[in-house]
Amino acid sequence: MSSTDKNQTVSSEAAPEAKDSPASKSSGWAVFMFFMIGFVGSLLAGWILFPDLLYSKKEQPIDFNHAVHLSVVYDGCNSCHYFREDGTFAGMPDLNSCVDCHMDVMTGDPEEVKFVEEYVQPGIEVPWLNHSKQPDCVFFSHAAHVIGADMSCESCHGNIGTSEHTRTYEENRLTGYSRDIWGHSISRLGSPEPGEPRPMKMNDCAKCHLEETGHKGACFQCHK
Amino acid sequence: MKIDRRSFLSYTTAVVLGGAAGSMLTPAPWKLMDDISIWTQNWPWTPVPQDGAITYKHSVCTLCPGGCGIDVRLAGGRPIKIEGDKDHPVNKGSLCPRGFSALQYLYGPARVTTPLKREGKRGEGKWQKITWDEALTAVSGKLAELRSNGRPDTVACISGSDQGTIPNLIGRFMTAYGSPNFLCTATAKDAMEQAIYLTQGRQGSPVFDIENADFILSFGAGILEGWGGTGRMLNLYGAGKSAKTLVQIEPRLSDTAARANQWISITPGTETALALGLAHVMVKESLYDRQFIENFAFGFNDWTDDNGTAHKGFATAINDYPPAKVARITGIKEAEIPKLARKFAKAAAPIAVSGRGQGLLPGSIDESLAVLLLNAIAGNINKKGGVSVLSDFDYAKWPEIKIDETASKGMQQPRIDGAGSDDFPNTRYLLNRLPETLVAASGDAPIQALLVTGANPLYTMPDTAAAKKAFDRIPFIASFSPFMDETASYADYILPDHTPLERLQEVPAAVGISRQVISLAKPVVKPVYETHHVGDTFIQIARNLGGFVKSAFPWKDYETFLKATLKDHWRTLNKKGWVEISHDLPEPLNYVFNTASGKFEFYPTARVSGQKTIPPLPAFTPVPIEGDPQRFDLVLMPFDSIRLAGGDVANAPFMTKTVDANVLLHQTSVVEINPATARKLGLKDGDSVKLTTPRGEATVQLYFYDGIMPGLIAMPRGLGHTAYSDYLANKGTNVNQLIGAIADPDSGLNTAWGIRATITRI
Amino acid sequence: MKEQNSHTNAKRYGMVIDLDKCTGCGACMVACYSENNVPFKTDETNKLDSINWIRVYKLTNNKPYPDTEICYLPMPCMQCDGIGKHGHSPCVSVCPAVATDYDYDTGIVSQIYTRCFGCRYCMAACPYHARKFNWWDPKWPADTEKYLSPNVSPRMRGVVEKCSFCFHRYQLAREKAYLEKRQKLEEQEYQTACTQACPVGAITFGDLNNKDHAVYKLKNDPRAFRLLERLQTNPKVYYLTSKNWVRRAGDNYLAHEEPGNITKVKEHH
Amino acid sequence: MFPFCFEWSWDISHLVFMGGLWYALSIIGAGMTFAIVKSLFDISGGHGGHDDNHDHSHH
Amino acid sequence: MNETPLIHAGVKRCSKWQFSLWMAGVTAVLLWGVYAMFLCWFKGLNQTNMNDAYGFALWIWADLAVIALGGGAFFSGFLTYIVGKDELKNIINYAVIIGFICYSSALLILAIDIGQPLRGWFIFWHANVHSMLTEVAFCLSCYFAVLTIEFIPLILENPKLERKPFLHHLSHNMHGIMAIFAATGVFLSFFHQGSLGGVAGVLFGRPFAYREHIFIWPFTFFLFTWSAAACGPCFTILVTKITEKITRKKLVKDNVIHLLAKISGWMLLTYIIAKTADTLYWAMVTAPNAGFTLMDFYASPTYNIGLLFAEIVLCGFIPGLILITKRGRENAFLLNTAIVLAVIGVSLNRWVMVLQVMAVPVFSFNDWYTYLPSWQEVATTVLPVAYGLIVISLAHRYLPVFPQEKELNPVK
């Protein structure tokens, strides 16, 4: 609120500029047009360009064929992605899990040859890119979900077991995490197709927990 | 349309506004907000520890002689935590702060990561990284040179311990090489060992069976602060097995005294008088073990020798210590003395123990004898809940060493420290005498090359400044320390050993425990840096030297040597981690003594030897402490804290972190003083003062502590390092720097429990 | 913050520390540093900027020599239940960003470092000084980073941290229970690092609501008391002492008051 | 602060507190939008000056 | 027409050189503060002398103090627009500017004070509605927005800006709905001033701060709002007086000042009576229940009972009584004394409610905690002062802040 009561004393010498300048007269439509240019432009940029720029694309070091492996192991996903005796989940298998079969090249598949030559023989762990990797502060209990709540692997990870090739790994340039965590849909509207991996943000956890257990859960349930 | 400046501005504004409005309807701002949020929550410089399967490896802690069993927790093969091994017979799961910090000895800025050669002046801290070949060649070359000059005895080795295969391997090396100068840090154990030898004629480690005692009379032993193996003692205390009744006698309310059933404050240095005074009461009131005395004791009563000379017995000699006199000497109330004596004598399983604090100071033979004899009149020798001796485990059945002439000549030279000489016939090592001998020698220094392993004499020796000066006379110093300790930083070459968690070694016995428990410390990780097992290093040097020295070491490496040594035990040790060997003899056989009289000698005849005129019966002679009482009105007394490592192994950062501000404040040591004493001097709590002793001075801060006898200043051991890393160096004062050694006339061992001092306000 | 309704089997983990036994050795502190990736600096002597999840205080009875007595007092986070219903711990309600929370399943007060933005209001609220601020970015020099535990996330500069009763051990114990299709945890399956480390067994840990756990009985020992009970913080850490001066030091009393005579603040179950 | 935030719950505290907040924010937002839009309209709406007769006159 | 002056016609301002010199001096101080601010941001809060016992220190005091002192804006607004005290329109501009400076400073200090500034927005996004600090942050930010909105039209009255048609209209249109903004501001201020009181009052672990029963709600809230309403206008008067002194001219007529002083006086007096009641209950009931006597809280050399006397009697009752009496407030010396005391009083109260809370040991075995701010803290606290001086100088030079200036100082 500034001084509006100037009636008693001084009046300003300054006056607004002449109001009938041609530029201001003709600008109405033009201004609107420019506004719309900005509006539509940013819509296009935000929906199309932005997701592309946000993620860098990487390929897995080996084009792994889940389908083939699943057909020869006895215990489904659990054969390689197993629970340790203490109930913790082993996650990505290390070389030890692979060398039983792949000490030497079995099939001659070029990817297998690469695997054996570049990793098995020198004893280097494969730097797999983890689509489900969570930040360090997260404690996720596979046991609670897979054993406790009897959930299938697919219900979160999608039908990865039937894939014949690895997917391109899209890494968020800002956070370093996989695109899968946020969900493939940049808008997070709608739910993922059946068989697609589910997004894994805290709100996704909370949503499911709320539905299944009646509350979102305490912080320490999933944080460490 | 015409675009002038004004309309350009408004069109731009329109585009921007449109863009802003539009972008709000895209995921970009929202997604970015979320991503930035995640970015700010996961700074790239905050470490993310790698996950992996959790496994455990059992081992034994070798950071002190306690021999505690440990469980090392590993994540994906990475050691991440140390815990106490509940199944281990020594500590049953209990562990001290140092044990819990073990990972900070494995990793950390204090480690020497490759062999180093000194550049620049000694102690300057300039090093050149060299290969192991170069380092071994340098040391072997120097040793070969001295040997070829016919002076192998000018090589000395200082070791932190003489127990176990590693020191024995090095000792064997010294013998094969031809030097008698294998020196070891002496502790209270050495004095008690000698007292036991004098009375029983048996060599071995003294043991106090606290496990089976129900009344502990502690003459200043920090039994809850690191004495007798921390893990073991704390476990016993926690299980209610020790300290059913604990009486603590010392001038300062230590953590042990605080937990004791009774704290009796005593004028420091008068413990012998109290022990004899208690014995006096027990004898006068016939509260002694008549059966033991009558059947197994010699010299309790007056006796006459073969020449017809009459000798006073112990019972007569202690007539000199009636309670009134003892009260005067010790400052303890007169009535308290008989009361204490009766309590002690009437307890079911009483035991008296000595060794100030953690027992780092040897102390006088009289004191050890007096305490031992107090146990003896209670009939407390070689039995359950008593004091006995554990023979050194003779697994060292190695092929006999053949030595050449050079070596043989060298071995016949007298030891540099005078241990075992006529002056100190019963003493094994007198490291504290090394500096003066070195300085006193004219011409070439009697030590031309010094090897240091498992010890840090330039920190732990009394009057460290003088020790350093003496070391200046030694032309060649090689350290095998895994850490850049004070001695290593003053060496010419460092050939770094593995750290405890990387090193294979057996622990022959846990200190103080009455059973023989051998444990195996197995490496829990592959060596992190370019270090070599010190055993391997010595085997390699021997090999380089060739000849008989080489042939004394027929083993490929230390591991082979250890396996060969442990023979049958190896399998058990490797699997289970420890073996327990019973040495218990049936009771009457326990009373077989190897003395001249074949009995337990209250009158230790072995004490009479050569020209020395030490009265064999223990007597109280005030241990003189250094300094003119006129000039130095107070007495400085070091004390041991369980949160500070005062010996050869220094503190880990975690331990220093637990230290309270009334012990260390920033760079300054804090000393305890009785408020009454300080007020008399016009000083306030927290004042900065200059503390001066005849040996040196330091700036310290005062902490008013009611629990200390007036007239004393107490300073913790374990501070004031000058080497290692920023986490340890230049923190406080090294109390050893302020105190000189005082040799016991009998044993030559250091007895300096304190020094006169004075403080002046800054 | 919202109270959850269906927790009939809710546990209230708590601790009983026997001050008559504690020797002040500091093993609990070191075990805690190691277990919980607590950082260390070159100078830790200013205890007001030194991160300790459990700190052992040295108390004296202030009597002159030789009647002096000392007592060591280990203080972890008290995991306060607070006034009234559970969860009104002094710190939880004040946190503006829900970075600290009361877990109704276990009674443990959580702290989420990635959520905390370092306003330090919780520290102002906590009378026990259990909460520590990361004034510096933690540094693990010379490979010490390699010994960090993957079970506890390292903190960054500018956030508050505190004792969690080694909650990750509870999480891990639950993993095992899930694998074995159990609902119940045995008393020994979940113990804090300091409890496990105490070489004299002065610390007992367990579910205060569970009759089978040792703490259930110990908390009703005549020697038992809690720190600053009169402030109604309702802590879940109990202490045992046979010395009146120690009990007196654990709270504030007017000159005429005696520790025993103050109406005990009722514990809320 | 939004119903989709993890901390949100439909309880009385949130409704009162956030209700107050959003109420204040809407007033501020609406007020400012009104002022800006009206000003934009005023300058492009053909008659430039404002039609009131307030005392803050300009010649 | 490009020659439109920046300075209003009809007023006299100091020379460009004099002004530049003054601004350069103040800017130097500002830059010192900015340097310290960046140190705190890039190196972290180890740059301060705060510690785990003193988590709230100089900055939080400065925050609470400037918010209390900036309370002149909301209360003058309340009186002007809602109660309808028209005379106050002659000082309301200045009150708004001072409020704007105070609130923007408070936000800046908060941004320096938090350990992870980039996560500061979590307080909004992940709000815990039970926390006093959340309420403070929300209302503070919203009210700052309101103050900005209130300040904008005044800025737009600068002769040069006023020539832009859009800005001219904007200024006019914002004037039109200013009462709504003012009312919103008052609403928000009542809340956050109160919540600031609650910040300390709810700390039941801190017997020095904690209040029980009605003394926590609504009393702690009420006391803070009331004291801000009482002392904020005093600060406005004080700054006005100083400005008059420096510019060597009268800017606001006495009747305006006296009216505001009178209202402040009554506010202050009623506040201090309430505060006394609160103190008595606390000293006689609340604290003893926790095992403390009143003197336990004042047992340090720094924090002695004189502080309580100073806060309640010296800086409470005395200025209050001066201001409510006609003779008192119309005597220049007494008026000046009273407003200075009131300003000190409220600052002291905020100091006590933050720093003494930290200093008082809760455990009998702990000592009083001591704290001395580091230069970085001092510099960042001085920063807002320099910033305020700059804003005031610019505003006074280029904006029609004091409607009565031309009348009181006719230019020949």
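Analyst: This is a predicted model. Among the elements of chain C, helix α1 (residues 27-35) has the highest mean pLDDT, 98, and strand β4 (residues 100-103) the lowest, 92. Chain C as a whole averages a pLDDT of 92, and 93% of the residues score at least 70.

User: What is the pLDDT over residues 1-7 of chain C, and how many contacts does the model have there?

Analyst: The pLDDT stays under 50 over residues 1-7 of chain C, and the model has 16 contacts for them beyond four places in sequence. Residues 264-269 of chain C are also below 50, with 10 contacts beyond near neighbours in sequence. Where pLDDT is low, predicted coordinates should not be read in detail.

User: How do you know whether the radius of gyration of chain C agrees with a compact globule?

Analyst: A compact globule of 269 residues would have a radius of gyration near 18 Å. Chain C has 19 Å, so the value agrees. Its C-alpha atoms fill a box of roughly 50 × 50 × 35 Å along the principal axes.

User: Why is C:G14 called buried?

Analyst: The cut-off is 20 or more other C-beta atoms within 10 Å. C:G14 has 27 C-beta neighbours inside that distance, so C:G14 counts as buried. Buried residues make up 65% of the 269 residues in chain C.

User: Where is C:G14, and which residues does it touch?

Analyst: C:G14 is in strand β1 (residues 13-18) of chain C. Beyond four places in sequence, C:G14 touches residues including C:L208, C:V215 and C:Y238. The C-alpha atoms of C:G14 and C:P235 are separated by 8.5 Å, although the two are 221 residues apart along the chain.

Key. Residues are numbered from 1 along each chain as its sequence is written. Chains are lettered from A and ligands numbered from 1 in the order in which they are written. This is a predicted model: local features need pLDDT of at least 70, side-chain atom pairs count only at pLDDT 80 or more; totals for chains, interfaces and linings use all residues. pLDDT is the predictor's confidence in each residue, from 0 to 100. Helices (H or I, at least four residues) and strands (E, at least two) are DSSP runs, numbered from the N terminus. Two residues are in contact if their C-beta atoms, placed from the backbone, lie within 7 Å. The radius of gyration is taken over C-alpha atoms; the globule rule is 2.2 Å times the number of residues to the power 0.38. A residue is buried if 20 or more other C-beta atoms lie within 10 Å of its own, exposed if 12 or fewer, and partly exposed in between; C-beta atoms are placed from the backbone.
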